[in-house]
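Here are my notes on the model you sent over. Have the structure open while you read, and go through the points in order.

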Amino acid sequence: METNSKIKTMWKHILKKFNKYPAQLNVIKKMLELGLRIDEKKLYIGDVEINTVSLAKSINVDRRVITSTINTINNDEELTKIFHNLQPAGPLLTNIHKELKLGVIEIEGNAESPGILYEITKLLTNENISIRQAYAKIPDLNENPNLIIITDKPIKGDLLNKFLEIKGITKVIIT
């Protein structure tokens with residue numbers, strides 16, 4: 001089975017498992033966003049234990065929803081393999097890009113369209129701009145998935161139209 005199919009199968013499994021429990025699905029989305037992993041009945045970011053009450057407050061659910069979500073994951077072999085092995089991706093530099101004199105490109109488009117990152121990289125390379133960070137929201141779990149690219153210097157506005165010419169891109173914001 002090809003990797004993309006495995007990923008789609010995993011998301012379908014998650015959505016099927018939690019579709020009737022929207023609060024638990026929100027917990028799953030937050031866990032994936034933060035890279036929270038489960039070890040037995042506890043939550044961790046890296047090696048730092050996360051309090052279930054704090055997580056519950058952050059997504060406006062009762063802490064018992066967190067516990068139920070953890071139990072559901074622990075009772076499912078496929079989900080256990082995923083959520084016992086998640087890792088955080090590290091800091092996203094978007095909110096501090098001005099202080100660091102970096103550029104930010106936010107791209108919306110068809111996540112199924114191959115080559116978007118490649119074409120963006122080619123355009124940036126031609127302008128002698130390096131990518132410092134790239135972050136993509138999970139298309140199957142986000143209504144508006146996007147790709148965020150942080151560059152080693154601010155992006156000139158004249159690249160905007162060139163980005164929009166890339167097949168699969170529908171919207172670009174440069175900051």
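1. A term to settle before we start: contact here means heavy atoms within 4.5 Å. Also keep in mind that this is a predicted model.

2. With that in hand, look at what sits over helix α6. The elements covering its buried residues include β4, β5, β6, α7 (159-164) and β7 (169-174). The buried residues in question are I116, I120, L123 and L124. They end up on the same side of α6 because they span an arc of only 95° around the axis.

3. On the face pointing away from the buried side you'll find Y118, T125 and N126, which are exposed. Just past the end of α6, have a look at N128, which adopts a positive phi of about 60°.

4. On to the pockets. How much space lies in the largest pocket? About 540 Å³. Its lining is made up of 20 residues, with L32, E33, L34, A89 and Y135 lying nearest the centre. Two elements, α2 (22-34) and β5 (131-136), each give two or more residues to that lining. By class, the lining of the largest pocket splits into twelve nonpolar, five polar and three charged residues.

5. The second largest pocket holds about 310 Å³ of space. Here 16 residues form the lining, and those nearest the centre are N110, A111, I116, A136 and L147. Elements giving two or more residues are β4 (103-109), α6 (116-126) and β6 (146-151). The biggest share comes from β4, with three residues.

6. β1 (residues 37-39) pairs with β2 (residues 42-45) in the antiparallel sense, over three bridges. Across that pairing, D39 faces K42 in β2. The hairpin has two residues between the strands, and E40 takes a positive phi near 60° there.

7. β2 also pairs with β3 (residues 48-50), again antiparallel and over three bridges. In this case Y44 is the residue standing opposite E49 in β3. Which residue takes a positive phi in the hairpin of β2 and β3? That would be G46, with a value near 60°, in a hairpin that has two residues between the strands.

Technical notes. Residues numbered from 1 in each chain as written. Predicted model: local features only at pLDDT ≥ 70, side-chain atom pairs only at ≥ 80, totals over all residues. Heavy atoms only, no water. 1 Å grid on protein atoms, 1.4 Å probe; cavity = no way out; pocket = protein on both sides within 12 Å on 5 of 7 lines; lining within 4 Å. Points joined across faces, edges and corners; volume = space filled by probe spheres on them. Helix = DSSP H or I, 4+ residues; strand = E, 2+ residues; numbered from the N terminus. Nonpolar A, V, L, I, M, F, W, Y, C, P; charged D, E, K, R; others polar. Buried < 20%, exposed > 50% of the residue type's maximum accessible area, 1.4 Å probe, protein only. Arc of directions from axis to C-beta. Pairing = 2+ DSSP bridges.
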